[in-house]
Amino acid sequence: MLIKDGTIALDSLPSVTAYASAAGKMESEGPLGKCFDFTTQDNTLGEVSWEKSESKLQQIAFTTALSKGGFSQKDIDVMFAGDLLNQCVSSSSGAKDTNIPFVGLFGACSTMAESLALAGIFVDSKAANNAAAVTSSHFCSAERQFRFPVNYGGQRTPTAQWTATAAGCAIVSSHCKPPYIRSVTIGKINDMGVTDANNMGAAMAEAAYDTISRHLANTAQQVSDFDLILTGDLGQVGSDMLKELFKRDGVDISAVHNDCGLMLYDREKQDVHAGGSGCGCSASVLCGCILKQIEQRTLKNVLFAATGALMSPTINQQGESIPGISHAVQLSAQ
Amino acid sequence: MKMTNAEYDKLTKKASPNTKLYLTLPKAFVIGGLICCLGQALFNLYSYWGLNEMNARSVTSITLIFFSAFLTGFGLYDKIAKHGGAGTLVPITGFANSVVAPALEFKTEGFVLGTAAKMFIIAGPVIVYGIAASVIYGIILYLFQLM
């Protein structure tokens, strides 16, 4: 049911019945390394191209989620999938052998929240019994498309973020067990004129602020009602900016806020500069760590607001700014 | 509270850390300097082996390019460059790395449309403007000699 201004209450409280995560070498060496269902020390995954490696990572996340939930592919009525690459090619290649109705999504790093929100809405409205939300990113496939060849000796700025080699999949079914999807807020495009492609956190912070504050206002909740407000991958720069934006409204979110980009890596030891990014970052943190904690009721009420910098190298080189977006999904144990 | 783009830009600048120049500059100086010392050592060695100055210079450049390409192929050059910065970018080794890295990266798209077509995506502008500048300087020099 639409509440207002992009916030939708899912009255039937659909469940996330199964979830799985897959991660690459560096992610497996990070603080959440032990949380993932699948990790690899070989980021090629035995494939001949980085695009295929990413597809395989997404397939692994999807098939692991199916088997953890005791589902077969026939049980899935629709799949929402996305990644960072042109034409969402990792998702479409990954799904080509599945024979499942497929919706490809692009929301940059916000795709996990976008796909989970849509899967929830489909199940809530009875358009699907079981819907899958799956996203991935791969450091090497993203670098070669958006930046430089992997072996090029360039220096990254302190504000740059590291694209995660990771994937996550969540399967949403009708109400049965926690985590439940209570409500979602669909993001709006926020463009504050940031043109620096090496400062995605800054490009996305306003979008996160807009979506989170709309969600709180539209559902008449306070920051203190949540155990965790989890932003997608703002990194250190974006997280600091988000806190500052809320502070201007007299709201302090620092007690409950965390960011997937800051959780995935150890920024002291791992060379990720401002933090992690990429669709796989929030997907693997959510599906590897957060959903489990909600299921076990260690977390009771979580606002998952993944953020995306909708950066096109073409228009960025033409001097245009980077639009940001953030979608929010409220997950609860009750 | 809605912000203007100018206010947001101020907030961005405040939140974004700057490059630590006190670290990056000395590292670039030392690593770049070491590459130059290696070049000089090679030049002395080739001269000692009996090459004349012009040939010794050419063979020194070729050797440095070989080292750079070799290290790039093994994924080591970018690890040095992470610390070296402009110290690894400016010498001829940086130029070699910028050609070899895309050549290797894009070989999955084939030898023609991948390796060959993408080989100069980084070095291309250097070649274009390098040649253009040398032509302009050549013309200026020619005009001066006419006077």
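Start by selecting A:P179, which sits in the loop between β9 and β10 (180–185) of chain A. Helix and strand labels here follow DSSP runs (H or I over at least four residues for helices, E over at least two for strands), numbered from the N terminus. Show the backbone at this spot: the peptide bond from A:P178 to A:P179 is cis, with omega near 0°. Before moving on, note that this is a predicted model, where local features need pLDDT of at least 70 and side-chain atom pairs count only at pLDDT 80 or more, while totals for chains, interfaces and linings use all residues. Residues are numbered from 1 along each chain as its sequence is written, and chains are lettered from A and ligands numbered from 1 in the order in which they are written.

Next, jump to A:Q87, in the loop between β5 (78–82) and α3 (89–95) of chain A. For background, most residues other than glycine have a negative phi, and most peptide bonds are trans.

Now color chain A by domain: domain 1 is 13–173 and domain 2 is 180–332, with bounds from an automatic or database domain assignment. Their C-alpha centres lie 18 Å apart. Across the boundary, 51 residues of domain 1 are in contact with 53 residues of domain 2 (contact means C-beta atoms, placed from the backbone, within 7 Å).

Trace the chain from β11(A) through helix α7 (235–248) to β12(A), and you'll follow a right-handed β-α-β crossover (with the strands pointing away from you, the path from the first strand over the helix to the second runs clockwise).

Keep α7(A) highlighted and bring in chain B. Between the chains, 26 residues of chain A are in contact with 29 residues of chain B. Helix α7(A) gives the largest share of the chain A side, five residues. By class, that side has eleven nonpolar, nine polar and six charged residues.

Last stop: in chain B, select α2 (21–48) and α4 (77–84), which pack at an angle of about 130° with their axes 8 Å apart. Axes are lines fitted to C-alpha atoms, for helices over the stretch in contact, and angles run from 0 to 180 degrees between N-to-C directions. That makes α2(B) oblique to α4(B); under 35 degrees counts as roughly parallel, over 145 as roughly antiparallel, 65 to 115 as roughly perpendicular and the rest as oblique. To see the contact, show B:K27, B:A28, B:I31 and B:G32 of α2(B) with B:I80, B:H83 and B:G84 of α4(B).

Methods
Contact = placed C-beta atoms within 7 Å. Nonpolar A, V, L, I, M, F, W, Y, C, P; charged D, E, K, R; others polar.
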